[in-house]
Amino acid sequence: MSDRLHRFLFEHADVRGEVVQLDDAFAEIVRRTDHEPAVERLIGEGLAAVALLAATLKYPCALTLQLQARGPLTLLLVQAASDGSLRAMAHARQPVPDDAPLEAQASDGTLAITIEPESGGERYQGVVDLAGGSLSAALEHYFRESEQLLTRVWLSAREDHAAGMLIQRLPASEAADGDADAWSRAEQLAATITGSELRELAPGEVIRRLFHEEDIRLFDPMPFRFRCRCSRARVAAMLQGLGEQEMRETLEEQGQVEVHCDFCNEPYRFDAVDIEALFTDPAVRSPGSDESH
């Protein structure tokens with residue numbers, strides 16, 4: 001189980017935290033796409049970020065991190081589900097500068113976090129401007145503005161290794177005994193972590209090295225994995241939505257309709273018989289809205 005998240009809690013204090021490592025999921029997503037290194041690293045950081053955010057939620061839901069900008073990167077979309085599945089996609093209109101501030105990689109950008117309860121409850125979305133020069137700093141800005149929670153985030157992704165750490169100050173009512181100095185100590189200790197340590201050390205080892213003098217409670221690890229929700233039925237529903245005329249024109253021009261999933265790059269091909277069935281066979285039904293691609 002190489003892709004896992006470890007949660008921990010400061011006993012008798014007001015601090016909780018998480019450390020996540022996502023080697024397999026990150027490597028699989030990078031293998032299926034053809035992005036430059038700067039975009040790959042942002043994808044890896046985004047994967048670690050949504051895993052950290054999803055683990056803070058108290059109910060089953062789907063969580064989406066969406067960065068939209070004018071360029072060079074125009075879109076970063078990363079999703080996590082309560083079952084531990086992850087997927088990601090990115091679009092760039094021109095080369096993305098490597099090791100540059102996030103504002104230079106994604107100018108005039110915004111960061112949106114969307115939470116959709118799996119039970120069908122009320123959807124929540126928080127949107128903030130990009131700030132601080134990195135995705136981790138933008139997430140800290142999100143927590144300050146949208147959640148009013150003191151939160152620090154560290155993200156790192158290199159060479160098929162993605163990892164992250166989050167520490168958060170709990171509301172006073174949730175703190176056991178209210179150790180007044182716990183948050184300050186946690187911030188100072190966590191700030192000593194390096195990107196290579198975060199990527200290369202096991203999550204449990206990271207927690208032990210940073211907080212070995214603290215009274216820490218560790219929880220069972222949470223597994224994560226890459227899994228895309230695309231399917232032929234969902235792509236068929238999307239093609240139906242585009243309309244019969246457009247599909248027949250594409251058939252005439254190309255001989256088939258071919259669609260690649262933006263998340264996993266899986267190809268779906270529909271020939272003339274398939275397209276005919278989409279618009280004439282009553283047995284071919286569009287999935288419901290919850291099955292949308």
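Leaving aside its neighbours within four places in sequence, which residues is Glu18 in contact with? I looked this up in a predicted model, where local features need pLDDT of at least 70, side-chain atom pairs count only at pLDDT 80 or more, and totals for chains, interfaces and linings use all residues. Residues are numbered from 1 along each chain as its sequence is written, and side-chain values use heavy atoms, without hydrogens and water.

**Glu18.** I found Glu18 in strand β2, residues 15-21 (strands are DSSP runs of E, at least two residues, and helices runs of H or I, at least four, numbered from the N terminus). Its contacts (heavy atoms within 4.5 Å) are Leu5, His6, Arg7, Phe8, Leu52, Ala55, Thr56, Gly164, Met165 and Leu166. I noted Glu18 as buried (under 20% relative accessible area, 1.4 Å probe, protein chains only). Glu18 has no salt bridge (a side-chain nitrogen of Lys or Arg within 4 Å of a carboxyl oxygen of Asp or Glu). Arg16, the nearest side chain of opposite charge, is 5.8 Å away.

**α2 and α4.** I checked helix α2 (residues 37-55) against helix α4 (residues 135-147): their axes come within 10 Å and cross at roughly 30 degrees (axes are lines fitted to C-alpha atoms over the stretch in contact, with angles from 0 to 180 degrees between N-to-C directions). α2 is therefore roughly parallel to α4 (under 35 degrees). Leu42, Glu45, Gly46, Ala49 and Leu53 of α2 meet Leu135, Leu139 and Phe143 of α4.

**α8 and α10.** I then took helix α8 (residues 232-242) and helix α10 (residues 272-280), which pack at about 70 degrees with axes 10 Å apart. They are therefore roughly perpendicular (65 to 115 degrees). Arg232, Ala236, Leu239 and Gln240 of α8 meet Asp274, Leu278 and Phe279 of α10.

Notes
Buried < 20%, exposed > 50% of the residue type's maximum accessible area, 1.4 Å probe, protein only. Lys, Arg positive; Asp, Glu negative; His and termini not counted. Parallel < 35°, antiparallel > 145°, perpendicular 65-115°, else oblique.
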